[in-house]
Amino acid sequence: MASESKTETATDSSSSNGRIGEVVLDVKDLKTYFVTRWGVVKAVDGVSFNLRKGETLGIVGESGSGKSVTSLSVMRLVPSPPGHIVGGEVYLQGENILDLSEKDMESVRGSRVAMVLQDPMTALNPVFDIEDQVGEAMKIHEGLKGDGLKATVIDMLRKVRIPAPDIRMKDFPHQLSGGMRQRVVGAIGISCSPAVLIADEPTTSLDATIQAQYLRLLRELQEDTGVGIIFITHDFGIVAKMCDRVAVMYAGKIVEQGDVRTIFNNPIHPYTEALIKSVPKMEENVERLYAIPGNPPSVTNRPSGCNFQPQCDGSNPDCVTQEPILVEEGPEHWVAYCAPCKDTHGCKWFPRDI
Amino acid sequence: MTSESGALLQIKNLKKHFHVGGGFLGGLGGQKTYLKAVDGIDLEIEPGTTYGLVGESGCGKSTTAKMVLMLEEPTEGEIYFEGQDALNMNREGRKNYKSSVQAVFQDPWASLNPRMRVENIIGEPLEINTTLSRKEIRTKVGDLLEEVGLQPYQAGLYPHEFSGGQRQRIGVARSLALNPKLIVLDEPVSALDVSIRAQIMNLLMDLQKEHGLTYLLIAHHLATVRYMCDKIGVMYLGHMVEEATTDELFDNPTHPYTQALIGAALPYHPDDEKEESILEGEVPSPIDPPSCCSYIPNCPETFAECNDNVVATKTVSPGHTVGHCAHCVDHYGCYWFPRVNPNIERNQ
């Protein structure tokens, strides 16, 4: 095992250590639009990224940036209507899952790509006990039943550090604390050893000390199983703690993507820089916090391409109509530029309502 | 009854016990069961400063806020506002108190009525408590909106037409309408994106400077507290376990729970390899908590009195106090810190 991952590391320049393996998820130019009364909302508009075995990719962005819709698209769970995946490819272990029938997709969901949602109370069914809910996916995907299923459920609960799992599995969700509920959701997520686990803000509803416990648990599970994790968050603190690579999303597009240390040490896009700067620091007693001026643009009516930047007068109509271009600024470090101004003003793509 | 202290708000031995079971038919033979949400806390807030109450869900910080806002009747204890006993005021005094003490709530989606226009949301307290004419109220609402960084024309809009950060600004404008002295901020930024939090925190700090406001800030995010507060109280299971000025608390955290909270904070950089201290186990149920220092390894737990969970306060340095177990503090120096942890073997 160790020698195997070493050879992979040698061929893969971006891997920082031996635990990261081959690409398990490759998303190319994904587009998910919502057709509404007010026009077409381009929630995800040409997003590309990949995820390797044992790696954690952070997708960071504010509410409405399209990060959750990206993850729902990968699961093919976008509510339709009004949502439609209108373009792109999603390769899961080499297979384009956007081409699969709904029936085939059912066998992929839960077994090869799984999800942990933000609120464990709504993610769990209040009228079934924990044993039923953790066992459901294994019953369907792996055909386990009876004592074998029970033993596996106990094993899963032990893996997520539920004390006395043989007793607690008879409990209903309301009998567990918030942290334990989220552990159960985690156990459901990893129960069929998926290749990709999508964690959509899994710790937002947890307290600080419980959050720390849960993040450690996710890391341990990853070390044990080699699952690739997509971590969706708006908090750069979680990114710093958990992620190997980061993709920063803004208004449906990725504006910067790269290795976590590159992003923190050398953010090129002004939005990334602003997000990192706006995290308040506990160790410092500052006079004033940095805040990003203005608001993210409305999704239906985007203002001029890069009007946030001082050198841009926002008068070029091409800035609105032309798509931004991605430029590789360093090894696997991509930054979005405004296409018409890149050479004249060097503007990064960053529309903003001010 | 009055108090001589110069504090704007003074709380003495405040308690709130909720009756959660037993008592009716069961009461004939059994005992009433109480959830001790707040179990005897003291605090003082000086005018023009910010006091932060920190702690996890269920520690009683929001119940404390509700009692200060007179939305809950305390079971026991005293609240003094500007030296006056706030719990035993006449009708007029209560009315004054309620306009001097305002609140900003956590969830800007739930705290604004979706069927009211912004001008009515902000104008309602003015309509009820002042004799201003409609026209004057409209002007005042416009001024308030400008003060919180919105445009006067937005007064005609409904809450759903605003983003989360803007809604929280509307909540702040409403709390300012009656020129209050004290504003209770109940997790004012935790429902917002990290990038928007800074805007709202800066706004609150500007308003404090401008109007000389006093804040009682309820939060669980330590960096927020560090930025905004002058003094911090850490709550755990209805008790105050540590209280100090902001710098003292962060430089010299003494109670193991405070240390754990600081240790659980997220890093700012991937290379920021700070010592990871993760607290094991969970906060026990406040209905029937285990004996006080069952988490402390050196505690032999031989005192029957420990089960009463009586907390003694010890002074570390002037203005810095820490909660100890009242029965073992002299023998073992146990910090009061009941915890449910199946993984810890107790030393007998």
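**A core residue and its surroundings**

Author: Setting aside neighbours within four places in sequence, Ile230(A) is in contact with Leu51(A), Leu57(A), Ile59(A), Ser71(A), Val196(A), Ile198(A) and Ala199(A). Two residues are in contact if their C-beta atoms, placed from the backbone, lie within 7 Å. This is a predicted model, in which local features need pLDDT of at least 70 and side-chain atom pairs count only at pLDDT 80 or more, while totals for chains, interfaces and linings use all residues. Residues are numbered from 1 along each chain as its sequence is written, and chains are lettered from A and ligands numbered from 1 in the order in which they are written.

Reader: Which residues have the most contacts inside the largest nonpolar core?

Author: A nonpolar core is a set of buried Ala, Val, Leu, Ile, Met, Phe, Trp, Tyr and Cys residues joined through C-beta atoms within 7 Å; buried means that 20 or more other C-beta atoms lie within 10 Å of the residue's own. Here the largest such core has 186 residues, and Ile230(A), Val248(A), Leu216(B) and Leu217(B) have the most contacts inside it.

Reader: In what order do the strands of the open sheet in chain A lie?

Author: Strands of a sheet pair through backbone hydrogen bonds, either parallel or antiparallel. Strands are DSSP runs of E with at least two residues, helices are runs of H or I with at least four, and both are numbered from the N terminus. Two strands pair if DSSP finds at least two bridges between them. In chain A, 8 strands form an open sheet with mixed pairing, in the order E6-E7-E8-E3-E9-E10-E12-E11. Its edge strands, E6 (113–116) and E11 (325–330) of chain A, each pair on one side only.

Reader: How many bridges join E9 to E10 in chain A?

Author: Strand E9 (residues 245–250) and strand E10 (residues 253–259) of chain A run antiparallel and are joined by 6 bridges. Within this pair, Val246(A) stands opposite Gly258(A) of E10(A).

Reader: How many residues of each chain take part in the contact between chains A and B?

Author: The contact involves 37 residues of chain A and 34 residues of chain B. On the side of chain A that touches chain B, helices H9 (208–225), H10 (236–242) and H11 (260–265) of chain A each supply at least two residues. The largest share of that side, 6 residues, comes from H9(A).

Notes. Buried ≥ 20, exposed ≤ 12 C-beta atoms within 10 Å, placed from the backbone.
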